[in-house]
Amino acid sequence: SLCVNCNQCVLCWDKDKSPMHSYLAYMLQSLQRTGEPDQEIVVQMQEYCPYTDAVIQEGMRIFEKARLNLAWYNRLLENREIIAQQLDAMAYIMEDCANEMTDITQERRQFLAEVKYRARERGVIVSKPRLYENKDKRWQLACEAYTKNGGCISMKELTRAVSAGLERDMRPHRDERAMVSSQGASVLFEEDTCFHETHAVVRRVKDGGSVSGDNYSFLEMDNGQLAMILSDGMGSGSMACKESELVLELLEKFLEAGFSKETALKMMNSAMVIRGEDDLYSTVDICSLDLYTGCCDMYKIGASTTFIKHRDFVERIVSSSLPVGVTHRMEIMNTKKQLEDGDFLVMVSDGVLEYLQGEDPDLAMCEILKQAAFQHPGQMADAVMDEVLSRTGGIVADDMTIMVCAVWRK
């Protein structure tokens, strides 16, 4: 429109007499390469065109609009890929739920008869028993139970009868009542784990701050899994806290819904990418402990080093991936470790290691853990934090969180 309304339009765009075609082509190429016009071309254009500055501004506006449209188009493609991943995850969880439990009541009738007999010996009537087996070959018993003579009996006593009848160590579901009465109730038993754990956490807020940017969770799930989750929001204060808290909340909801750790991480990350505000990112550190086998799966996204204190040495697990929310193609580091009786699992935020004196903070933490000879995770966490602060001169330069889990064989 600039050239159409110009009196020199015919002269400038005369192919035989004017070099404006080549000047404009070179100028557009320089805008495409660098975003700025080549000054030599600008000088040459000004000899022929009195509106050179306006032409350049219009060219820059058009290229900026094209770049913006391309950015939105790429974002649309990313979001489509993210939604496709979420649909795949939904399909996986639905298929997994459909194949989760198998009814083996008829095949194991003799076991159920033995349960009824042993329960009756203890004054409890067990009716409508249903026995299920999950994909890991572990049993689950659902039944109705009530006492015969109007009294009450402890759930522990009934559990002994169930374990003896099924010839497996069983336990009541974690939400079950402590007593069985004459009124009767539906009761659910599940196969007992081989390990039990105790855990603790100790935290320090950055000097001068009122809120920690670190958030953590100990999530006990129905399948005998304990998920220890630590999220460190970039920076400190309320904004970092809100960001890491949102990451933690999303992960907890996905895991409680039954998604695998990998799927939960991908869906959480895709939600954070779509949301993406103010370039705020968080690290994620997950240690998922299977209390049936003692196997621990560790997932790290931009997270600090995790340590395992064995009886004779300290092992460390490191990661170099980016935090969540940076890109939709998230790199998930998964490490499997077998924990044994008496092992300690120690997770820390980067504020704990970053200011430790020495060339290698990881090795310094290994030495601290070797010297911390405690049997309770709470005492272990307190002793490690005290030693870290002694090496920083008591200065808390960043938010600090130490999570400790001790594993024991039953």
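Predicted model: local features only at pLDDT ≥ 70, side-chain atom pairs only at ≥ 80, totals over all residues.
The protein comprises 410 residues, of which 44% are buried. Its secondary structure amounts to 11 helices and 17 strands. Among contacts in the protein with a separation of 6 or more, 66% are made by residues 24 or more positions apart.

Salt bridges were examined next. Side chains of opposite charge can pair when their charged atoms come close. In the structure, 21 salt bridges are present. One of them joins the side chains of Asp 103 and Arg 130, with an N to O distance of 2.4 Å. This pair connects distant parts of the chain, since Asp 103 belongs to strand E1 (residues 101-103) and Arg 130 to strand E2 (residues 124-134), 27 residues apart. Asp 103 is partly exposed, at 31% relative accessibility, and Arg 130 is likewise partly exposed, at 35%.

A further salt bridge is formed by Arg 168 and Glu 191, whose closest N and O atoms lie 3.0 Å apart. Distant parts of the chain are linked here too: Arg 168 is in the loop between helix H6 (155-166) and strand E5 (170-172), whereas Glu 191 is in strand E7 (residues 185-191), 23 residues apart. Arg 168 has a relative accessible area of 26% and is therefore classed as partly exposed. For Glu 191 the corresponding value is 16%, so this residue is classed as buried, the cut-off being under 20%. Apart from such pairs, a network of salt bridges links Arg 171, Glu 190, Asp 192 and Lys 410.

Glu 249 is partly exposed, at 39% relative accessibility.

The length of H7 was also compared with expectation. At 1.5 Å a residue, the 19 residues of H7 should span 27 Å, and the end C-alpha atoms are 26 Å apart, in agreement with that value. The buried residues of H7 are Ala 240, Cys 241, Glu 243, Ser 244, Val 247, Leu 248, Leu 250, Leu 251, Phe 254 and Leu 255. Just after the helix, Gly 258 adopts a positive phi of about 105 degrees.

Attention then turned to the open space in the model. Rolling a probe the size of a water molecule over the atoms shows where empty space is left. The second largest pocket has a volume of about 300 Å³. Its lining consists of 17 residues, those closest to the centre being Arg 171, Thr 193, Glu 197, Glu 220 and Leu 291. At least two lining residues come from each of E5 and strand E8 (195-204). The greatest contribution is that of E8, which provides 3 residues. By class, the lining of this pocket is made up of 8 charged, 5 polar and 4 nonpolar residues.

Note on methods
Residues numbered from 1 in each chain as written. Heavy atoms only, no water. Salt bridge = Lys/Arg side-chain N within 4 Å of Asp/Glu carboxyl O. Helix = DSSP H or I, 4+ residues; strand = E, 2+ residues; numbered from the N terminus. Buried < 20%, exposed > 50% of the residue type's maximum accessible area, 1.4 Å probe, protein only. Expected span 1.5 Å × (residues − 1). 1 Å grid on protein atoms, 1.4 Å probe; cavity = no way out; pocket = protein on both sides within 12 Å on 5 of 7 lines; lining within 4 Å. Points joined across faces, edges and corners; volume = space filled by probe spheres on them. Nonpolar A, V, L, I, M, F, W, Y, C, P; charged D, E, K, R; others polar. Contact = heavy atoms within 4.5 Å.
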